[in-house]
Amino acid sequence: MIAVAFDLDDTLMSERAYAHSGLRHVGGLLEARHGVVGAGARLVAILESGVRGSVFDAYFAEVGLDRAEIPELVRAYRAHAPDVRLYDDAAPLLDALRGRVFLALITDGPAVCQRAKLAALDLAPRFDLVLVTDERGADAWKPHPWSYARVAEAAGCPPDRCVYVGDNPAKDFVTPRALGWRTARVCRADRLREHPTASPAHEAEVTLTGLDGLLPLLGGWFPEPGLIPRVPAGTR
Ligand SMILES: [Mg+2]
């Protein structure tokens, strides 16, 4: 057995698409409450201008609304049922690996957000183990070793038969590399954030532009006959 654990945001699902969905949802609330026109489109435009983490503040400053409303809007953003889907290369890959390897998901972020994403994507049934680190506590977010240890233990795999697939060199790879796992980074063209690497120890072993290259990579790392399919079923 081998274990393959995936990150969610910007690995299996577009974080940008999620942000757009949340901003449109909040924009709808603002339009209904205050009669402002085009709030959702303006919030998305502020995000796309490069603002990260303070989109609501920028919008409220523009239109002169009372900032006291923002914390409640952040809660509404996090709890909304997002309009998101998996990247096109994700479902065929997960289908190809299902039943052949131990499939795990490790995702950080506020638990209410991550659970809303999982529900919208109907993702949990695709995995043998889903770990929302925030449910263990804010300390358990990557790079804390808790989630990686849980995957290895549940799969019953030694470290050199565990793989982590993520996108963020700031936190995704340093711990599994230290534990002796294989690591692959997916660097999506539409990624929401740039992730400057903190040190060589934070880099993944291999960087891919999407998930199409993952099966050949796994096949090279684990060449046992019949373990890793050559291509996703029905996609070639
Ligand atoms: Mg991510």
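Visitor: Why is Ser-147 called buried?
Guide: Its relative accessible area is 0%, and buried means under 20% (over 50% is exposed, in between is partly exposed, all with a 1.4 Å probe and protein chains only). So 0% puts Ser-147 in the buried class. By the way, this is a predicted model, where local features need pLDDT of at least 70 and side-chain atom pairs count only at pLDDT 80 or more, while totals for chains, interfaces and linings use all residues. Residues are numbered from 1 along each chain as its sequence is written, and side-chain values use heavy atoms, with hydrogens and water left out.

Visitor: What makes a residue a contact of Ser-147?
Guide: Heavy atoms within 4.5 Å. Setting aside neighbours within four places in sequence, Ile-106, Leu-131, Thr-133 and Lys-142 are in contact with Ser-147. Ser-147 itself sits in helix α7 (residues 146–155); helices are DSSP runs of H or I with at least four residues, strands are runs of E with at least two, and both are numbered from the N terminus.

Visitor: And which class does Thr-175 fall into, buried or exposed?
Guide: Buried, because its relative accessible area is 13%. Thr-175 belongs to helix α8 (residues 174–179), and it touches Pro-143, Pro-145 and Tyr-148, if you skip residues up to four places away in sequence.

Visitor: Why do the buried residues of α9 lie on the same side?
Guide: Start with who they are: in helix α9 (residues 214–221), the buried ones are Leu-214, Leu-215, Leu-217, Leu-218 and Trp-221. They cover an arc of only 160° around the axis, which puts them on the same side of α9; the arc uses directions from the helix axis to the C-beta atoms. Pro-216 and Gly-220 are exposed on the other side. The cover over the buried residues includes β1 (3–6), α5 (90–97) and β4 (162–166).

Visitor: How is the chain divided into domains?
Guide: Into domain 1 (3–14 + 86–221) and domain 2 (16–79), with bounds from an automatic or database domain assignment. The contact between them takes 12 residues from domain 1 and 8 residues from domain 2. Their centres, taken over C-alpha atoms, are 29 Å apart.

Visitor: What lines the largest pocket?
Guide: Its lining divides into 13 nonpolar, 7 polar and 14 charged residues. Asp, Glu, Lys and Arg count as charged, Ala, Val, Leu, Ile, Met, Phe, Trp, Tyr, Cys and Pro as nonpolar, and the others, Gly among them, as polar. Domain 1 and domain 2 each give at least three residues to the lining. Helices α1 (15–34), α3 (55–63), α4 (70–79) and α6 (111–121) each supply at least two.
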